[in-house]
There are 2 protein chains.
Amino acid sequence: MKIPKPTVKRLGLYYRCLSRYKEEGVNFVSSQDIAERLNIKPSQVRKDLSYFGNFGKRGLGYSVNKLLGEIAFIIGVNKEWNVAIIGAGNLGSALANYPGLLKHKFNVVAIFDNDREKVGKKIGGITVTHISDLKEMVQEKNIEIAVIAVPESAAQYVAEQVEDSGVKGIVNFSPIKLRVNIPVEDVDITLSFETLAYTIIMGDNAFILEDDE
Amino acid sequence: MKIPKPTVKRLGLYYRCLSRYKEEGVNFVSSQDIAERLNIKPSQVRKDLSYFGNFGKRGLGYSVNKLLGEIAFIIGVNKEWNVAIIGAGNLGSALANYPGLLKHKFNVVAIFDNDREKVGKKIGGITVTHISDLKEMVQEKNIEIAVIAVPESAAQYVAEQVEDSGVKGIVNFSPIKLRVNIPVEDVDITLSFETLAYTIIMGDNAFILEDDE
C-alpha cells in the first residue's frame, strides 16, 4: 500500500484530534467533525482515511478507537524510537528539551558534538558525547533516528557518518539536501517563514484550497 | 493568481538552487538540472514554474537571473521582514541565533517572555522584553511576523495577543492549531518525526512519487 506524503503528514494530525475526542468520551466522529477541528475539508479527511479501508459506518461515522489504533500502527507511534541528536548548540538543546517528542514516544537517548568544550556537559539530563563515539553508541543504545542540528557546512559530512553508524533515518534541520541512502525528513525552518511571507503579501488570494493529491 | 501551497514551498527550494547556479556562473538551466539537484521530478519543476509565465526558452532552458528575480518577488525575499520571537526558552533562543533567518531577510528584532527572570537578559544580541510591551514594540519596531515558541498551554492566549498587536502573520512552533484571523504557518516538529518513522517502517513502499497538485 502506497500513501501520498501529504496524507501521511495529516495522519499525525488526525491521531491527535482523535486522541482528544477519546479523552472527551466521544465514541464516533464524522469526517465533518474532524475536518472542522483541523480546519481542512471533509472530503480531504474522507479521501485520506479511505487509504486504510472502510472504517466509517453510514450514519454513525468513524469509530474513534478503531481509527486511533489503525493510525497509530501506520505512523509507528505504537513503537518507541530511540533518537540521537547531533549538534549540542541552541537547536540541539531545544530539541533535547522538547516535550512533544517524548510524548510521541521519540526518546532522545544521546547527544553528540565535535566540540571538546561541550562533551561531558549535560543537556536535558543527557551527557554530551563526542561524535567519534557515534557508531558505538548507536549500537549500544539501539538508536534508530538521528537528528542533524549542526551548521550547514558540516551537515553532509555528519549525515555520512550517521548513515555509516547504522541509524535508520534522519530528521534534518540543516537547509541542505543530504545525499545519503537512508530516509531523510527535512525540517526547513526558513521555508516556513518564506511561505508565511508569501501568504501575507498575497492576502486572501494566496492559495487554492483543494485536495492536494 | 492562485498558487497551490506545495508549489510555494518548493519555490523557496528553487530560489536557493538557482542562487547556487548563479554563484557558479551558470546563466541558463533546464528543468532537469533543477530537478536533479533537488531530487524531484522534472515535470514537477516545469509545472511549478508554469504558474509564473513562460520563462523557459526551448533549447536554452530557463534564464537563471530572470527566474531568480521573479521567484524572489513572489516569495517576498526582496523585502526585509521584522520578526519577534515570543518565548525566550531553548527554542526561542535557537531561533534568535538561527543564521538562516537573517540570510533570508527575516530580521529578529525582539524577543518576548512573561518570565521576569528572563526579561532584560540578552539572547543573540537582543534584550528580552516583557510580553506586556508587545503591542508597543510591534508598532515601534514595525514587526510584521511573530514566532510562537511558548509551551502548548500558553500558545492560543499568546496568539490572540499577537493578533491584537497588529502583527501580520505567525510562524507557530506549538503543536496546536491556533484560532486567529491572521495567516499562520505551522512548524510541527513532531510530525516530521512521525513521517520519518512511517517511512522507516514502510521502506521503499512508503510513498507514491507523484506531482502533488
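Start with the crossing of α9(A) over α1(B): α9(A) passes α1(B) in a right-handed crossing. On handedness, left-handed means the near helix is turned anticlockwise from the far one by less than a right angle, and right-handed means clockwise. The contact takes T190(A), L191(A), E194(A), T195(A) and Y198(A) from α9(A). From α1(B) come K5(B), V8(B), K9(B), G12(B), L13(B) and R16(B). Contact here is heavy atoms within 4.5 Å.

Before going on, the ground rules. This is a predicted model: local features need pLDDT of at least 70, side-chain atom pairs count only at pLDDT 80 or more, and totals for chains, interfaces and linings use all residues. Residues are numbered from 1 along each chain as its sequence is written, chains are lettered from A and ligands numbered from 1 in the order written, and side-chain values use heavy atoms, without hydrogens and water.

Back to that pair. Helices are DSSP runs of H or I, at least four residues, and strands are E runs of at least two, numbered from the N terminus. Axes are lines fitted to C-alpha atoms, for helices over the stretch in contact; angles run from 0 to 180 degrees between N-to-C directions. The classes: under 35 degrees roughly parallel, over 145 roughly antiparallel, 65 to 115 roughly perpendicular, the rest oblique.

Next, inside chain A. The axes of α1(A) and α2(A), residues 31-38, come within 10 Å and cross at roughly 110 degrees. That makes α1(A) roughly perpendicular to α2(A). Among the residues that meet are L13(A) and Y14(A) in α1(A), and D33(A) and I34(A) in α2(A).

Now chain B. α1(B) packs on α4(B), residues 64-75, at about 145 degrees, with axes 10 Å apart. Here the crossing is left-handed.

Symmetry. A rotation of 180 degrees, with 0.0 Å of shift along its axis, superposes chain B on chain A, RMSD 0.0 Å. That is the relation of a two-fold axis.

Last, the domains. Chain A is divided into domain 1 (5-75) and domain 2 (81-190), with bounds from an automatic or database assignment. Their centres, over C-alpha atoms, are 32 Å apart.

Definitions and conventions
Least-squares fit on C-alpha atoms with pLDDT ≥ 70 in both.
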